Amino acid sequence: MATAHTTVPARAERATAEPAVQVRSLVVAFGGLRAVKGVDLDVASGERLAILGPNGAGKTTLFNVIAGDITPTEGTVAIKGRDCTFLSSRHRPRLGLARTYQKARSFDGLTVRENVCLALAGHRRRQLPLWRGPVDRELADRAAKVAARVWLTDRLDVAAGSLSHGEKRQLEVAMAIATDPDVLLLDEPASGLSRGERERLVELLDELAADVTLLLIEHDMDVAFAVAQRVVVMADGEVVAAGSPDQVRSDPTVHRIYLGVEG
Ligand SMILES: Nc1ncnc2c1ncn2[C@@H]1O[C@H](COP(=O)(O)OP(=O)(O)OP(=O)(O)O)[C@@H](O)[C@H]1O
């Protein structure tokens, strides 16, 4: 297999001293429920950050605000130095942001190739050929290259609805990386994967270009600690611990609040 250096575009020029993501005093209330209670977060350009925490900690809500799917009740979000607190999710790919969701968003009736083409075409803001017509060859070739990065070459012409759970997750990641993002948000990418599939996911994330900023919500500790340079732990809407994987692993608060809960 080709190495990361040959498969990933060199884009070192995009790494900057400015934080890729900066969250300040973030509060998200759903009626009377405060799902996020005053979170501050700086993610450096090119950093690999895992966000851990028990169910209901506010992790996805934080992601939703960063991705523009939710407008916060209070606080601000900046991406690469640009305040985008009120910028809708539709416009964030133009800032170099891509995300996956806990539930797959690919189209079951379209093939792997077509789904990746859709992601590519969306990025280029072209009118989508809806659909089933011949895919433009250059687009199809690019889709095949992206699919190869997630080991889906053999499945290019298979309908997404016929993929295994693990392959669907790979497709989700393919659709997110198709846009060659600067900032990639992955919400529980290892959920439901077999051990072998999880190992492949870690390999895939390790192969991302060094200047891609990665934020990962993950319940699977092995995946989170293998991928992340820094770990943030949330509980009950707040950040309760942060540090290197080793620091977080040995943090008594984390053991009590998170690891204890998870057993
Ligand atoms: N749209 C919503 N409306 C009302 N409450 C919500 C909404 N989204 C999330 N919540 C609530 O906010 C809290 C935080 O949810 P969130 O999904 O952010 O947690 P999480 O840490 O991602 O949990 P999980 O690991 O289970 O996905 C939970 O109590 C949840 O029920």
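# Chatting through a predicted model

Student: Which residues are around the ligand?
Tutor: In this predicted model, the residues around the ligand are F30, L33, A35, G53, N55, G56, A57, G58, K59, T60 and T61.

Student: OK, and how do those split into nonpolar, polar and charged?
Tutor: The shell around the ligand has four nonpolar residues, six polar ones and one charged one.

Student: Which elements each supply at least two residues of that shell?
Tutor: Those are β2, residues 33–43, and α2, residues 59–67. The most comes from α2, which gives three residues to the shell around the ligand.

Student: What does α2 lie across?
Tutor: It lies across β1, β2 and β4, with β4 covering 74–79. Relative to β1, α2 runs at about 120°.

Student: Let's do the sheet then. What's the strand order?
Tutor: It goes β2-β1-β4-β5, an open sheet of four strands with antiparallel pairing.

Student: And what holds strands together in general?
Tutor: Strands of a sheet pair through backbone hydrogen bonds, and the pairing can be parallel or antiparallel.

Student: Which ones are the edge strands here?
Tutor: β2 and β5 (82–83) are the edge strands, and each of them pairs on one side only.

Student: How many bridges are there between β1 and β2?
Tutor: Eight bridges, in the antiparallel sense, with β1 covering residues 21–30.

Student: Which residues other than glycine have a positive phi?
Tutor: D180 is one, with a positive phi of about 55°. D236 is another, with phi near 50°. For background, most residues other than glycine have a negative phi.

Student: Where are those two found?
Tutor: D180 is in the loop between α5 (165–177) and β7. D236 is in the loop between β9 (230–235) and β10 (238–243).

Student: Why does D180 count as partly exposed?
Tutor: Because it has 17 other C-beta atoms within 10 Å, and partly exposed means falling between 12 or fewer for exposed and 20 or more for buried. D236 has 15 C-beta neighbours inside 10 Å, so D236 counts as partly exposed too.

Student: New topic: which domains is the chain divided into?
Tutor: Domain 1 is 1–8 + 44–71 + 87–96 + 181–263, and domain 2 is 107–180. Their contact takes 12 residues from domain 1 and 12 residues from domain 2.

Student: Which elements each supply at least two residues of the domain 1 side?
Tutor: On the side of domain 1 that touches domain 2, those are β7 (183–187) and α6 (195–206). The largest share of that side, three residues, comes from α6.

Student: And by class, what does that side have?
Tutor: The side of domain 1 that touches domain 2 has seven nonpolar, three polar and two charged residues.

Methods:
Residues numbered from 1 in each chain as written. Predicted model: local features only at pLDDT ≥ 70, side-chain atom pairs only at ≥ 80, totals over all residues. Near = placed C-beta within 6 Å. Nonpolar A, V, L, I, M, F, W, Y, C, P; charged D, E, K, R; others polar. Domains from an automatic or database assignment. Contact = placed C-beta atoms within 7 Å. Pairing = 2+ DSSP bridges. Axes fitted to C-alpha atoms, helices over the stretch in contact; angles between N-to-C directions.
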